Amino acid sequence: MTDTAATPAPALDARALADLRDGLSRPQKELPPKYFYDEHGSGLFEAITRLPEYYLTRTERALLGRWMPEWIGLSRPRALVELGAGGAGKTRIVLDAMTDTVGSAAYVPVDVSAGFLDAVAARLAGEYPTVDVLPLVADITADFALPDNLPRPTLHAFLGSTIGNFTPPEAVALLARVRRRMQPGDAFLMGVDLRKDPAVIEAAYNDAAGVTAEFNRNMLRVLNALAGADFDPYAFDHRAFYHRGLHRIEMHLDARTPQVVTIPGVGEVRVGAGESIRTEISCKHDRASVEAMLAAAGMRLAEWEMDTDGLYAILLAHGD
Ligand code: SAH
Ligand code: AVI
């Protein structure tokens with residue numbers, strides 16, 4: 001990568017530009033998965049959740065439907081803070097159980113995808129007149145402040161197996177930040193995709209309709225818009241494969257031909273023919289690996305439920 005004296009990009013701060021430079025300077029080039037999600041990318045993710053190959057969302061939805069009334073009945077939360085809320089489709093199951101149990105509630109969906117979040121929050125506010133919907137645009141990998149005086153107890157939620165998009169040490173750091181926000185009586189709800197036949201996982205990230213490939217390429221469009229970069233999305237091929245040793249699927253964008261990309265404030269990035277940029281990891285877990293991450297973050301597993309095929313789990317955890 002070479003330096004350029006280009007104009008700083010308007011929408012990304014110095015730290016974000018430094019992160020991009022760092023990731024693109026590594027032997028295996030990497031970009032952070034949060035850049036998949038502008039309004040178009042969030043819409044593509046919603047389309048992924050409906051694909052026949054992508055078992056995660058429908059399996060988590062069924063588990064939430066089965067267990068939320070009971071779990072909410074036990075902890076009786078009056079506020080829900082959801083990290084990476086996205087379309088909040090499955091959140092309705094949690095909100096239904098909360099409003100059935102305690103009547104009125106507050107809901108804080110936290111997401112980087114600002115436009116999408118606003119639209120989702122407005123729709124939910126219309127659907128749930130007894131829920132105070134307080135959307136928050138924030139990066140969940142950094143510290144952020146919650147609204148003051150949220151009713152308690154609060155349920156902190158992280159659904160969709162988004163925890164898998166972080167390496168175990170990064171995941172522990174994220175969970176520890178959640179733990180620091182938890183007060184006595186609060187609980188943490190999470191969905192986790194489980195280890196299984198790699199062929200099943202690889203099919204979920206290589207769908208026949210090519211929606212995941214478009215989602216992957218969308219990161220380049222987002223960086224063009226946010227950072228003024230000049231990536232050609234169609235100069236890259238989508239590739240996803242399961243790494244058995246690290247228990248994770250990796251998504252890459254492989255350059256078809258040599259690429260020279262300019263990112264103002266970052267520099268000139270050279271990507272060789274056949275060289276890849278890793279855009280996402282999606283770690284798959286088991287009960288032991290989840291318990292280890294929770295313990296390292298100062299939390300204790302209270303409930304754990306899987307579907308009958310052992311594809312996916314939802315869990316409830318408390319502070320120590
Ligand atoms: N929870 C939803 C959406 C999962 S997709 C579901 O289960 O279907 C992941 C969501 O996390 C997206 O909405 C994306 O915009 C958001 N996201 C990804 N990285 C983020 C980050 N660093 N900070 C905040 N939100 C993030
Ligand atoms: C948001 N996250 C949990 C999804 C996943 O499965 O890792 C994103 C995704 N990537 C490709 N398909 C879906």
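Does histidine 247 count as buried, partly exposed or exposed, and at what relative accessibility? In this predicted model, histidine 247 counts as partly exposed, at 27% relative accessibility.

## The chain as a whole

The protein chain has nine helices and 14 strands. Its C-alpha atoms fill a box of roughly 60 × 40 × 35 Å along the principal axes. A compact globule of 320 residues would have a radius of gyration near 20 Å, and the protein chain agrees with this, because its own value is 20 Å.

Buried residues account for 52% of the 320 residues. The protein chain exposes about 13,300 Å², of which carbon and sulfur atoms supply 53%. Among contacts between residues at least 6 apart in sequence, 72% join residues at least 24 apart.

## The site of ligand 1

Ligand 1 is surrounded by 18 residues, and the closest are Gly84, Lys90, Asp111, Asp139 and Ile140. By class, this shell holds seven nonpolar, six polar and five charged residues.

Backbone atoms of the protein approach ligand 1 at several points. A nitrogen atom of ligand 1 lies 2.8 Å from a backbone N or O atom of glycine 84. For valine 112, a backbone N or O atom is 3.3 Å from a nitrogen atom of ligand 1. Glycine 86 has a polar backbone atom 3.4 Å from an oxygen atom of ligand 1. On its own, ligand 1 has 570 Å² of accessible area, and the protein covers 93% of it.

## The site of ligand 2

Around ligand 2 there are 14 residues, with Tyr54, Asn165, Tyr205, Glu280 and Ser282 the closest. The shell divides into seven nonpolar residues, six polar and one charged. Helix H2 (39-49), helix H8 (211-227) and strand E12 (276-283) each supply at least two of the shell residues.

Side chains reach oxygen atoms of ligand 2. In tyrosine 54, a side-chain N or O atom is 2.5 Å from an oxygen atom of the ligand. Serine 282 places a polar side-chain atom 2.7 Å from an oxygen atom of ligand 2, and for asparagine 165 the corresponding distance is 2.9 Å. Taken alone, ligand 2 exposes 340 Å², and the protein buries 98% of that.

## Two buried serines

Serine 161 lies in the loop between strand E6 (154-158) and helix H6 (168-181). With a relative accessible area of 3%, serine 161 is buried. Its side chain reaches the backbone nitrogen of aspartate 193 at 2.9 Å. Beyond residues up to four places away in sequence, serine 161 touches Leu56, Glu60, Gly191, Val192, Asp193 and Tyr312.

Serine 276 is part of strand E12. It has a relative accessible area of 8%, so serine 276 is buried. The side chain of serine 276 makes a polar contact with the side chain of histidine 252, at 2.8 Å. Apart from neighbours within four places in sequence, serine 276 is in contact with residues including Gln28, Lys29, Arg239 and His252.

## Leucine 155 in strand E6

Leucine 155 has its place in strand E6. Because its relative accessibility is 2%, leucine 155 counts as buried. Not counting residues up to four places away in sequence, leucine 155 touches Ile72, Pro77, Ala79, Leu80, Val81, Val94, Ala187, Phe188, Leu189 and Leu316. Between leucine 155 and glutamine 28 there are 38 Å in space, C-alpha to C-alpha, and the two are 127 residues apart in sequence.

## Backbone details

The peptide bond from arginine 152 to proline 153 is cis, with omega near -5°. Proline 153 is in the loop between strand E5 (136-137) and strand E6.

Arginine 76 is a residue other than glycine with a positive phi, near 45°. It sits in the loop between helix H3 (55-75) and strand E2 (79-83). With a relative accessible area of 43%, arginine 76 is partly exposed. Histidine 247 also has a positive phi, near 55°. The loop that holds histidine 247 runs between strand E8 (236-243) and strand E9 (248-255).

Key. Residues numbered from 1 in each chain as written. Chains lettered and ligands numbered in written order. Predicted model: local features only at pLDDT ≥ 70, side-chain atom pairs only at ≥ 80, totals over all residues. Heavy atoms only, no water. Near = heavy atom within 4 Å. Polar contact = N/O pair within 3.5 Å; in protein donor to acceptor, adjacent residues only side chain to side chain. Areas by Shrake-Rupley, 256 points an atom, 1.4 Å probe, with all protein chains shown as cover. Nonpolar A, V, L, I, M, F, W, Y, C, P; charged D, E, K, R; others polar. Helix = DSSP H or I, 4+ residues; strand = E, 2+ residues; numbered from the N terminus. Rg over C-alpha atoms; globule rule 2.2 N^0.38 Å. Buried < 20%, exposed > 50% of the residue type's maximum accessible area, 1.4 Å probe, protein only. Contact = heavy atoms within 4.5 Å.
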